[in-house]
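Let's look at how charged side chains pair up in this protein. Have the sequence and the 3D view ready as you read.

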Amino acid sequence: MRSRLLPLLPLFTTAVLVGPAAPAPADAANTEHAGTGSVRPAFPDSTDDVFLGEAVEAANAHRARHGAPPLEPDGELNAHALERAREFSEYEGLDEGHRGRQPGRGETVYYSASTDPGAAPGGGDAVDHWYAANEEYDYGAPGFSSETGQFTQLVWKATTEVGAARVSEPVSEQDTWREHYVVLVYSPPGNMRGEYEENVLPPEG
């Protein structure tokens, strides 16, 4: 049983794509953890229409500020995002990294945990968290960094489709610590080396 003396507030962290090393996203993200097998069962799906609507609406609002066209929701990408979220949930925190990421698709991952069993993150919570990294991005020297990779993927102009999913640890009277994973999957992927200047535009206004 896990019991931690923590405030009744969510604690957050994120994972981002490993920087591309070629005209396509590098597969380094797929191999950065050798992996020794999952450590627990995958969490169940907690995605609903409200969550999906919030995620897409927030993503497109942020993209509009950077001159990027709106993302179209895609059912196949939703299914893949759910598969990835369940894979992430089999490991503690974000220990799995991006191992297993499918070539040709980008992804951003959001993890939250709280002693409040009702504190499941909404779709907008995850997207807004990723977007906050825009404050660290240097438009004068465009390129990838681990601190801003989630932001640059989110507003990447050439990306046109998105899928989203959330999984949540089942509520348990024996466990006072509940975890959640949110994954967005993008196509075509962003964070392409040499293409930042035309795809990550400064905010308008």
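Arg 40 and Glu 179 form a salt bridge, with their closest N and O atoms 2.9 Å apart; the term means a side-chain nitrogen of Lys or Arg within 4 Å of a carboxyl oxygen of Asp or Glu. Arg 40 sits in the loop between α1 (28–31) and α2 (49–65) while Glu 179 belongs to strand β5 (residues 178–187), so this pair ties together parts that are 139 residues apart in sequence. Helices (H or I, at least four residues) and strands (E, at least two) are DSSP runs, numbered from the N terminus. Arg 40 and Glu 179 are both buried, where buried means under 20% relative accessible area, exposed over 50%, and partly exposed in between (1.4 Å probe, protein chains only).

This is a predicted model, in which local features need pLDDT of at least 70, side-chain atom pairs count only at pLDDT 80 or more, and totals for chains, interfaces and linings use all residues. Residues are numbered from 1 along each chain as its sequence is written, and side-chain values use heavy atoms, leaving out hydrogens and water.

The structure holds five salt bridges, including these:

| Pair | Closest N to O |
|---|---|
| Arg 40 and Glu 179 | 2.9 Å |
| Glu 87 and Arg 84 | 2.6 Å |

How exposed is Asp 48? Asp 48 is partly exposed, at 37% relative accessible area, while Arg 166 is buried at 9%.

Glu 87 and Arg 84 both lie in helix α3 (residues 75–89), three residues apart. Arg 84, Glu 87 and Glu 107 are linked in a network of salt bridges.
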